[in-house]
Amino acid sequence: RGHGHGNGRLLGFEPVPAGSADTVVVPKGYVAEVLIPWGTPLDSRGPKWKKDASNTAAEQAQQIGMHHDGMHFFPSGRREGLLVLNHEYIDRTLLYPDGDAVMTKEKVDKALAGHGVSVVKVEQSGGRWRQVDSRYNRRVTGSTPVAFSGPVPAGHPLLRSNNKPMGTLNNCSNGYTPWGTYLACEENWNSYFGTENASWKATAEQARYGVVAEGFGYRWHVADPRFDLAVNPNELNHFGWVVEIDPFDPKSTPVKRTALGRIKHEGATVTESRGRVVVYTGDDQDGEYVYKFVGSAPWRALRALRKNPLDHGTLYVARFNDDGSGTWLPLTFGTGPLTAANGWKDQADVLLRTRTAADALGATKMDRPEWVAVHPKNKDVYLTLTNGSGWDNKANPRKPNPYGHIIRWREKHGDNTATSFEWDIFVLAGDPAYDPQVKLAAEDVFGSPDGLWFDGDGRLWIQTDVSNSTQNRPDRGHDNIGNNQMLAADPRTGEIRRFLVGPRGSEVTGISATPDGRTMFVNIQHPGEATTFWGSPTPQNPRAVSNWPDFDPAGRPRPATLVIRKKDGGVIGT
Ligand code: FEO
Ligand code: CA
Ligand code: CA
Ligand code: CA
């Protein structure tokens with residue numbers, strides 16, 4: 001594949017300035033249209049979106065979820081395909097007409113229905129992309145029955161909870177396989193669990209995953225014992241996995257692929273080397289690690305034996321040495337320190353306690369490892385490190401690291417299954433006005449790189465997630481950076497240009513394109529989220545920060561997908 005531009009110049013668009021307006025800005029000659037905002041019915045006869053957020057839980061389960069994140073377009077024809085996207089979490093102020101000061105089972109159910117994954121058929125007609133009715137349109141939510149596969153089966157004693165395995169939560173970034181399935185990843189799953197039981201104490205393993213009695217303040221446990229740590233502790237073990245969904249089989253059960261480990265999976269970027277799948281995945285928390293899974297045999301051979309290629313292979317964790325070399329350390333029971341003598345029971349034990357196993361191997365602490373992108377031609381691997389403390393190693397060279405960076409590596413002999421690699425820093429994000437180490441020009445400044453994706457020509461697209469406690473604030477060195485944004489980079493020259501600026505309070509995350517590169521899909525997450533710069537929305541005034549994209553005085557901001565095209569029909573980015 002490749003869209004071939006003779007002069008070899010990857011970035012042809014006129015960059016857009018940083019900004020703080022409540023709108024989406026794209027370069028001259030481009031259009032960005034809004035598709036499937038939160039609450040859009042899956043079927044034209046389905047429950048209509050109510051702008052005061054009074055849709056019920058049952059209605060939300062038949063509508064597009066909230067907080068669009070990772071996404072992939074699966075083509076099914078020349079101008080049609082299935083758009084599959086994650087809904088990472090919900091905004092408690094915006095999901096209900098009256099906020100969530102009083103928590104009820106109906107509110108928990110609506111939150112669960114707002115999470116998960118949407119599959120929608122989209123078609124291009126008359127130049128415009130539209131959602132269409134289709135037997136493929138479906139929701140996977142926090143309550144959908146799920147299966148387990150790999151070394152930790154559903155019958156495992158530590159998966160026995162008071163309910164059958166169900167749901168996927170906090171689906172941040174994503175992946176897709178060469179056999180046509182979608183991977184949704186479970187990130188901050190610990191946030192949903194809590195307890196009022198004062199005698200509850202976290203076990204060492206629960207503490208290692210950040211499980212606390214307060215959770216992130218959702219208080220679902222007050223109305224639903226499924227999320228009460230003291231009542232139903234093994235429910236925690238149902239989360240932290242990569243979930244495989246077949247979008248072309250609407251009746252299929254999502255499967256948690258346990259061989260890929262249990263962490264706060266940001267994404268699951270699949271590439272192929274010597275016929276085997278290689279899956280890269282970051283554990284997005286300050287001081288956590290980056291992992292890769294390597295299939296045990298060519299994926300086509302495994303599938304011919306009716307085996308799932310994600311169930312058979314080795315999980316590794318990365319060590320980045322200060323001399324620019326790196327090693328992949330196997331998380332395999334019985335090897336290295338992961339032995340019975342050291343208290344490890346079996347491979348299921350290693351995977352349920354992936355973080356602890358990686359600690360034992362001496363993996364390298366990183367500044368919040370997020371998305372991974374693999375160059376389509378030379379197979380170099382790029383990883384965003386959003387921001388963090390700095391960890392006394394050269395792979396995380398700034399301490400503290402408020403702006404983040406992008407690291408890259410080349411696996412030995414360009415073989416992504418290799419167990420050693422050479423790395424360098426691709427770019428240190430930030431603003432040279434505040435940090436002279438930053439080499440970006442004043443007009444290209446950005447912070448907190450998160451989403452990362454290569455198009456077929458080898459343009460590297462970078463999406464940002466500066467938190468709303470920092471965004472636009474001069475006292476935090478972010479006034480020149482403006483709202484969250486998307487940029488494009490030429491990995492050969494290091495040139496970076498800003499392509500898109502998002503509305504107020506939003507994060508730009510999730511990216512895919514049609515195979516011809518002429519339509520790009522990008523998600524706008526949490527427009528109108530509380531910010532210290534713009535002030536906080538309240539149930540009485542949910543539009544305090546943003547009212548994108550409807551700008552309805554009686555409505556509220558809505559996460560949505562953008563459909564981006566070049567007015568002359570050209571390839572995006574040229
Ligand atoms: Fe959900 Fe790590 O961003
Ligand atoms: Ca993210
Ligand atoms: Ca993020
Ligand atoms: Ca997010």
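Predicted model: local features only at pLDDT ≥ 70, side-chain atom pairs only at ≥ 80, totals over all residues.
**View 1. Helix α3 packs against β3 and two helices.** The buried residues of α3 pack against α1 (57–60), β3 (80–87) and α2 (92–95). Of the ten residues in α3 (residues 105–114), eight are buried, so the helix is largely enclosed by the rest of the structure. The buried set is K107, V108, D109, K110, A111, L112, A113 and G114. Just after the helix, G116 has a positive phi of about 105°.

**View 2. Strand β20 is buried on both faces.** V381, L383 and L385 lie on one side, Y382 and T384 on the other, and all are buried. With five of five residues buried, β20 (residues 381–385) is largely enclosed by the rest of the structure.

View 3. Four bridges link β19 (residues 369–374) to β20, and the two run antiparallel. Here A373 stands opposite Y382. The hairpin of β19 and β20 has six residues between its strands, and K379 in this hairpin takes a positive phi near 65°. β20 also runs antiparallel to β21 (residues 405–411), joined by five bridges. In that pairing L383 faces I407 of β21.

**View 4. Helix α7 is covered by helices and a strand.** T354, R355, A357, A358 and A360 are the buried residues of α7 (residues 354–361). Their cover includes α4 (204–208), β16 (313–320) and α6 (347–352). Just after α7 comes G362, with a positive phi of about 80°.

**View 5. Four strands form an open antiparallel sheet.** The strand order is β23-β24-β25-β26, and the pairing is antiparallel. From one strand to the next, the twist averages 25°.

View 6. β24 (residues 460–464) and β25 (residues 485–489) run antiparallel and are joined by four bridges. I462 has L487 of β25 as its bridge partner.

Methods:
Residues numbered from 1 in each chain as written. Chains lettered and ligands numbered in written order. Pairing = 2+ DSSP bridges. Axes fitted to C-alpha atoms, helices over the stretch in contact; angles between N-to-C directions. Buried ≥ 20, exposed ≤ 12 C-beta atoms within 10 Å, placed from the backbone. Contact = placed C-beta atoms within 7 Å.
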